[in-house]
Amino acid sequence: PPTRAQLFDTVVDTVLEKLVAAGSYERFASCYRCFYKLQPEVTKSIHEQFIFQLQASIKEEIQEVKEEGKLEMLFDALDRLVEEAKDQQEPAWRPSGTPEEDALSAMVPYLLKHHSYLQRVLKEKVEDNKQLAEAVLAGRGRIKELQQLIQARREAWQ
Amino acid sequence: QEHLQTSQAEVLSSKPNYQQILDEQGEVLSFMQLVLEELQQAVKLLQ
Amino acid sequence: SVSPMAYEAQFFGFTPQTCVLRVYIAFQDYLFEIMQVVENVILKKLEAVPGCKVSPLRIRKCTEKFFVFMKEQFNKLFSNLETVLLQLVLSIPPNVLLPEDKVHEQYPYSKEQFQVLQGEVQELQRQCRAEAAAGQALRAELEEQKVVQAELEKILQWFAGLESICREHGTSSVKESFTFLTQNSKKLQDVLKDVEKKSR
């Protein structure tokens with residue numbers, strides 16, 4: 001199948017061709033009959049110039065439109081996207097029309113990343129605190145032991 | 001109060017009163033002072 | 001109603017209708033411009049013809065006739081051009097997703113699901129803050145414990161020192177020594193009483 005770029009050029013060229021065909025010499029001469037009667041050769045020459053200039057100017061302008069809009073590049077890119085999606089039967093996602101809702105989806109990957117990061121950090125902190133708690137409990141045990149030893153000394157003196 | 005909802009809430013909420021523990025040792029030392037003074041007096045008397 | 005073709009506008013950077021209009025204007029403007037040139041050329045040629053009875057107004061009418069005809073032909077041709085451009089060239093098929101929108105298909109979250117996720121993240125943040133506070137509290141307690149342990153060990157050392165002094169002075173057990181001293185004092189008292197009695 002023709003590419004989008006080819007299709008674009010083809011339809012534009014076709015319109016131009018048909019327009020040129022419509023503006024035939026016979027039609028031109030028929031409209032400018034009074035001048036044609038006076039100078040038929042000049043009329044032919046003017047018509048030829050008219051056709052030539054019309055085609056050249058329109059082609060130049062269309063080329064400018066294509067360059068300005070980067071149409072060739074965009075058409076190629078779109079053809080590639082269409083090709084990549086050829087096995088996709090379901091309609092693809094489209095903006096809902098409510099930007100704040102659509103923006104939520106765009107934020108989801110960052111939120112999920114942050115969620116994962118927080119889970120990891122929390123796990124590390126819980127582990128650190130577990131070790132700290134073990135040290136604290138050991139310290140409390142030692143203090144209790146020291147208290148008991150002091151109590152035993154006191155009772156002995158008593 | 002935030003730490004009361006953490007993984008070590010039980011450990012944190014059972015923290016002993018360390019100031020009280022130190023205060024109690026003051027009592028022990030006061031008691032020992034009395035004991036030694038008593039002992040000193042008793043030995044002087046026996047001597 | 002006219003389809004806004006907003007998705008196409010997102011891709012191209014302009015609406016397809018704008019592009020079609022540009023093409024239309026290109027044809028129309030140049031047709032008009034060149035017709036004017038043709039008219040001027042014809043008028044100039046007529047000026048060179050001696051005794052010419054063709055007036056500029058008549059040439060103007062010829063120009064208008066030809067221009068109107070060309071415009072009509074062009075408008076008929078253009079409606080086909082517009083259809084082809086809008087439906088085949090400048091449109092994005094419904095099954096095509098633009099690369100920048102892939103995230104919406106990968107993560108199709110509804111508003112409610114997003115709020116749940118946000119809630120989870122907030123809860124995790126709260127838990128992290130709480131655990132950080134707990135860590136600080138535990139570390140603070142460890143520091144307190146160091147001070148308390150040092151004080152208690154000092155007291156135990158003092159007891160050990162006291163007992164060491166007693167041992168250095170020949171008293172391994174103060175209780176036994178004191179009992180011995182008391183008994184000996186009592187014996188001494190008894191001997192003194194005896195001596196006093198005998199001397200009377």
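This is a predicted model: local features need pLDDT of at least 70, side-chain atom pairs count only at pLDDT 80 or more; totals for chains, interfaces and linings use all residues.

Biologist: How are the rings of A:Phe8 and A:Phe75 arranged, stacked or tilted?

Modeller: They form a tilted aromatic pair, with 5.7 Å from centre to centre and 45° between the planes.

Biologist: And which helices do A:Phe8 and A:Phe75 lie in?

Modeller: A:Phe8 is in helix α1 (residues 4-22) of chain A, while A:Phe75 is in helix α5 (residues 71-84) of chain A, so the pair ties together parts 67 residues apart in sequence.

Biologist: OK, and why is the pair of A:Phe75 and C:Phe12 edge-to-face?

Modeller: The planes of A:Phe75 and C:Phe12 are at 75°, and the cut-off for edge-to-face is over 60 degrees, so the pair falls in that class. Their ring centres are 6.1 Å apart. This pair crosses between chains, running from helix α5 of chain A to helix α1 of chain C.

Biologist: Which residues do ring pairs link into a cluster here?

Modeller: A:Phe8, A:Phe75, C:Phe11, C:Phe12 and C:Phe14. Over all chains, the structure holds 15 aromatic pairs.

Biologist: Switching topic: how many residues does the contact take from chain C and from chain A?

Modeller: 84 residues from chain C and 81 residues from chain A. The two chains bury about 8,000 Å² between them, with 80% of that on carbon and sulfur atoms.

Biologist: How many salt bridges are found across the interface of chain C and chain A?

Modeller: Five salt bridges. C:Arg22 forms one with A:Glu61, where the closest N and O atoms are 3.6 Å apart.

Biologist: Which elements of chain C give two or more residues to the side that touches chain A?

Modeller: They are α1 (6-12), α2 (16-47), α3 (56-89), α4 (102-106) and α5 (111-168) of chain C. The largest share, 29 residues, comes from α5(C).

Biologist: And how do the residues on that side of chain C divide into nonpolar, polar and charged?

Modeller: It's 59 nonpolar, 12 polar and 13 charged.

Technical notes
Residues are numbered from 1 along each chain as its sequence is written. Chains are lettered from A and ligands numbered from 1 in the order in which they are written. Side-chain values use heavy atoms; hydrogens and water are left out. Contact means heavy atoms within 4.5 Å. Buried area is the accessible area (1.4 Å probe) that two parts lose on being put together, summed over both. A salt bridge is a side-chain nitrogen of Lys or Arg within 4 Å of a carboxyl oxygen of Asp or Glu. Helices (H or I, at least four residues) and strands (E, at least two) are DSSP runs, numbered from the N terminus. Ala, Val, Leu, Ile, Met, Phe, Trp, Tyr, Cys and Pro count as nonpolar, Asp, Glu, Lys and Arg as charged, and the others, Gly among them, as polar. Rings of Phe, Tyr and Trp (its six-membered ring) pair if their centres lie within 6.5 Å; planes under 30 degrees apart count as stacked, over 60 as edge-to-face and the rest as tilted.
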